[in-house]
Amino acid sequence: MYARLIMFTLGEGKRAFAEGMAKQFHTAMQGLKGFKNATFVLDDVIGEYGVLSLWETKEDAEAAGAAMGPGLQQALQGQVQGPPSIRLLEVFQP
């Protein structure tokens, strides 16, 4: 299993915007091959938000990034304080 971790800073007072994005992107992810789950995280004090999504295979996670990347960039345009951090990680379950 693989995880995509995306973190970005919107700044203070952007929780409603982040929650709207989370709902939109969660619905979109559910329709993609290999989607397992997504957890949305936030630190409202500093305005940092993110998503940890789980995928059956590395190829599924990479395809999800390719499919959703342009929409994410568009949604964040003019909203973020710097480029988002995007990581692809293997999941280890003992």
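Begin by selecting Asn37, whose bridge partner in β3 is Leu54. This is a predicted model, in which local features need pLDDT of at least 70 and side-chain atom pairs count only at pLDDT 80 or more, while totals for chains, interfaces and linings use all residues. Residues are numbered from 1 along each chain as its sequence is written, and side-chain values use heavy atoms, with hydrogens and water left out.

**The sheet**

Helices (H or I, at least four residues) and strands (E, at least two) are DSSP runs, numbered from the N terminus. Two strands count as paired if DSSP finds at least two bridges between them.

Now display the whole sheet: four strands form an open sheet in the order β2-β3-β1-β4, with antiparallel pairing. At the edges are β2 (35–43) and β4 (85–90), each of which pairs on one side only. From one strand to the next, the twist averages 15 degrees; here and for the helices, axes are lines fitted to C-alpha atoms, for helices over the stretch in contact, and angles run from 0 to 180 degrees between N-to-C directions.

Next, select β1 (residues 2–9) together with β3 (residues 48–55), an antiparallel pair joined over eight bridges. Within this pair, Thr9 has Glu48 as its bridge partner in β3, and Ile6 stands opposite Val51. On the way to β4, six bridges join β1 to that antiparallel strand, and Leu5 stands opposite Arg87 there. In a regular strand the side chains alternate between the two faces of the sheet.

Ala28 and Met68 are 40 residues apart in sequence, yet 8.2 Å apart in space, C-alpha to C-alpha.

Move to helix α2 (residues 58–76), which lies across β1, β3 and β4 and runs at about 15 degrees to β1. Not counting residues up to four places away in sequence, Ala61 touches Tyr2, Arg4, Trp55 and Leu88. Ala61 and Leu76 are 15 residues apart in sequence and 20 Å apart in space, C-alpha to C-alpha.

**The pocket lining**

Finally, select Ala22, Phe25, Phe40, Gly50 and Val51, which lie nearest the centre of the largest pocket among its 23 lining residues. A pocket is an open set of points on a 1 Å grid over the protein atoms alone, where a 1.4 Å probe fits, with protein on both sides within 12 Å along at least five of seven lines; lining residues have an atom within 4 Å of a point. Which element gives the most to this lining? Helix α1 does, with seven residues.

Notes. Contact = heavy atoms within 4.5 Å.
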